[in-house]
Every structure is written in structure tokens, then in C-alpha cells.
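Colleague: I'm new to this, so could you walk me through how the labels on a model are decided?
Modeller: Happy to; let's look at it together.
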Amino acid sequence: MGEEGERYVKPILEEYFKTELTKNEKYCLVDFENEDMVVEVKTRRANKDTYADIYIPVYKLKYVRDTDKTFYACFNLYD
């Protein structure tokens, strides 16, 4: 789910943000980045209204808090 979802959304994100993104290594704390931004992609087998929330682990938020780059969390859901 994770890497497949990331491959799927990468061109969508690059078109949306109008920039090229680098895919990070498998165990890096965020999925994509470039000189200006970091992007975390959460892929779930659910529709957007299936659950009241989707969490991002605190350790990832602490990681991006300590950077000067803009952080984006993107959700890849069925709908």
C-alpha cells in the first residue's frame, strides 16, 4: 500500500505543486521532498468519510518542525 500509493500520487503532487519531488528512502521519516518542501503521503484503503480522523505520528511532526521547509500531509484514499 505505502510504496505503491506513493508511486501513484508522485506525478499528481508534482503537477499540483508545479515542482519536482524526490522520493526518499523506504525508512525516511517523510516520503518526498525538494529544496522547499517535505511531503508525507498517507495511503489508506478507506473513503474520506469512513473515519473521523487519520493520524500522523508525533515523531514525524517533530521531524518537520525542525526544518525550514514547508510541510504537506497528503491523503490518498479511495474516493
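Modeller: A residue is called buried under 20% relative accessible area, exposed over 50%, and partly exposed in between. Keep in mind that this is a predicted model.

Colleague: What makes Tyr16 exposed?
Modeller: Its relative accessible area is 64%, and exposed means over 50%, so Tyr16 counts as exposed.

Colleague: What makes the pair of Tyr16 and Phe17 edge-to-face?
Modeller: The ring centres are 5.1 Å apart and the planes stand at 80°. Centres within 6.5 Å make a pair, and planes over 60 degrees apart count as edge-to-face, so that is the name for this pair.

Colleague: Why is the pair of Phe17 and Tyr72 called tilted?
Modeller: Here the centres are 4.5 Å apart and the planes are at 50°. Stacked needs under 30 degrees and edge-to-face over 60, so this pair is tilted. Phe17 lies in helix 1 and Tyr72 in strand 4, so the pair ties together parts 55 residues apart in sequence.

Colleague: How do you know that Asp31 has no salt bridge?
Modeller: The nearest side chain of opposite charge, Lys23, is 4.5 Å away, whereas a salt bridge needs a distance within 4 Å.

Methods:
Residues numbered from 1 in each chain as written. Predicted model: local features only at pLDDT ≥ 70, side-chain atom pairs only at ≥ 80, totals over all residues. Heavy atoms only, no water. Buried < 20%, exposed > 50% of the residue type's maximum accessible area, 1.4 Å probe, protein only. Lys, Arg positive; Asp, Glu negative; His and termini not counted. Phe/Tyr/Trp six-rings, centres within 6.5 Å; stacked < 30°, edge-to-face > 60°. Helix = DSSP H or I, 4+ residues; strand = E, 2+ residues; numbered from the N terminus.
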